[in-house]
Amino acid sequence: MKQKMNNTIVLKYILLIGFSGLALVTQAQQRGEVQDQEFIIRKDRVLTLPKQARNFERIPVLPTAKSTSTFQFDVKSFFLNIPPTDIKPEAAQKQFPKSNEELYPGFARFGFGNYSSPLAEIRYNNWEEGDYNYGVKVKHEGFYTGPVGGKNSAETHTQFGVDGSLFKDYFQLYGGVDYNRDKYNFYGYNPENPNLENYIPNQNTLNTFKLNAGIQNIEKMAPLNYNVSMSARIFNDNYQASENEFAIKGNAEYWFNDKLKTKVNTALSLTSPKDVFYGSISRNYFKINPFVEYKYDGLKIHAGANIVFENDITENKKADFHVFPSLLGSYMLKDEFGVYAGFEGDVLRNTYYDFVMENPFLGPSTQLLNTIQNFQVKAGVKGVLNGEFTYEAGVKVGKYQNMHFFANSAADSLRFNLLYDTDTRVINYGAKVGWEYQGWYRLLAGIDYYQYTLGSLSIPYQRPEWEVSINNNFHPTEKWLIQANANLMGGIQGYNFQTDTGMDLPAIIDIQLKADYQITDRISAFVVGNNLLNRNNQRFMNYPVRGIQGILGATFKF
């Protein structure tokens, strides 16, 4: 019965499809004629399908095929008298290309310029002898005529040094010996004075012998790092000034993790100066600077102390032992902008050698004093723009005791005396920028303005009111290296105790140009120009420097 019903349903669907196709053909032939159609949809019809039997029997497992063949293997022994291969492991050898510095460890430079200025320099460094290296340097530069009276304002500089290092598994031993000889004339007289027409000024030769040795660890990525050095210095001049110094410097740091470390810096200085107004005295100085430093993202915090013992004798001195805080913090909101602030007190070490290196025309002084930095507060902003331009601008406010100044001596106006101020306040506004562009240009520039408030002195003699420095380095091609620098300084006031007169020194503008051209891998030519504006610059009163001065020379590598 069901089978007959299914056949009837199938027949009706076939007839329906056939009549529908016929209607579509008729409609197409009538080209757009619309006819009424009627469709009947029945929802009460139920379609049923017959049930099919399912097979639930598992597929039988077929038997495993077995081979009728048998396999037999005969093992035969072979007795051969062959010794085992002796393998010797060796490190792989690769010929890495050496740089020019490795190919030519030494160089010699020779030049000559106006003011009868010869230049000779030889350096050699040997670092291919296993676990040690050494270097030797010799240099002489002279200006045998000068801006005042020709030979009367001559000066010469000679240097000789040897240094070396010994490398072990975990530490490095280093040391060196240096000798410097600097010769000056006291030419701070008036050459237009007819009474001084045949005047020959006195000369002064500064002799300095240095010896140093130290030890430091090699693996700087280790949690514990250290560096300890000892040095000895012997200094004397043509007069009665001399000073010997024995010093020890050391530091040790420990990293708890990548963000937190602690460090201790120490310095010991024992000096025994002699001069006209004092005999052999002992000036001792010991400083220890422990601190903790924490870094996290853009935050950096430095907290420590400066603990100093010194035995200078001054009026109203309360103690030889000083403890000052040392605090510094900075936070970079972004790479482009950050802020910093700090507060620190200290005792700044001053020796006769330091003073005479700052002013080579120094004469006898009654005493030598360290500078007490009661405090220095600083704050500012800094950042890096576009990954290549750096800037920093800020202000420093400090209070000092025994800050030193220079003035022409009452006994000999050609030489300078040291003056100390009892209570000095200094405000320093400063800014500096740096820019490196595509590896061929680099700029470093800075500007500082100083405002002094003095106690026992009325004028900050021989100290500048403002300073500007601009250093440009150009490397346009592989063969050219050019440096163009400008150093400016102004607001300097001098004072002559002999004549009881002061003077506002003219602004110092020193334009410098240096160029080096590589002719071959071994030979290059250079030219140096100083004071290109030919100005009458005076860093110290009555001592004009050389006018426009140039040196032309060549460098040979070996």
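In this predicted model, Gln462 counts as buried because its relative accessibility is 1%, which falls under the 20% limit for that class. Gln462 is placed in the loop between β19 (441-453) and β20 (466-474), and the side chain of Gln462 reaches the backbone nitrogen of Met541 at 3.3 Å.

A set of paired strands was examined next. Strand β24 (residues 508-518) pairs with strand β25 (residues 523-530) in the antiparallel sense over 6 bridges, and a hairpin of 4 residues joins β24 to β25. Within this pairing, Ala515 has Val527 of β25 as its bridge partner. Strand β25 is also joined to strand β28 (residues 549-557), again running antiparallel, by 8 bridges, and here the bridge partner of Phe526 is Gly553 in β28.

Attention then turned to the second largest pocket, which has a volume of about 600 Å³. This pocket is lined by 22 residues, of which Thr314, Glu315, Asn316, Gln401 and Asn402 are the closest to its centre. By residue class, the lining of the second largest pocket comprises 7 nonpolar, 9 polar and 6 charged residues. At least two residues of this lining are supplied by each of β12 (321-334), β14 (371-385) and β17 (416-421), and β12 gives the most, with 3 residues.

Key. Residues numbered from 1 in each chain as written. Predicted model: local features only at pLDDT ≥ 70, side-chain atom pairs only at ≥ 80, totals over all residues. Heavy atoms only, no water. 1 Å grid on protein atoms, 1.4 Å probe; cavity = no way out; pocket = protein on both sides within 12 Å on 5 of 7 lines; lining within 4 Å. Points joined across faces, edges and corners; volume = space filled by probe spheres on them. Nonpolar A, V, L, I, M, F, W, Y, C, P; charged D, E, K, R; others polar. Buried < 20%, exposed > 50% of the residue type's maximum accessible area, 1.4 Å probe, protein only. Polar contact = N/O pair within 3.5 Å; in protein donor to acceptor, adjacent residues only side chain to side chain. Pairing = 2+ DSSP bridges.
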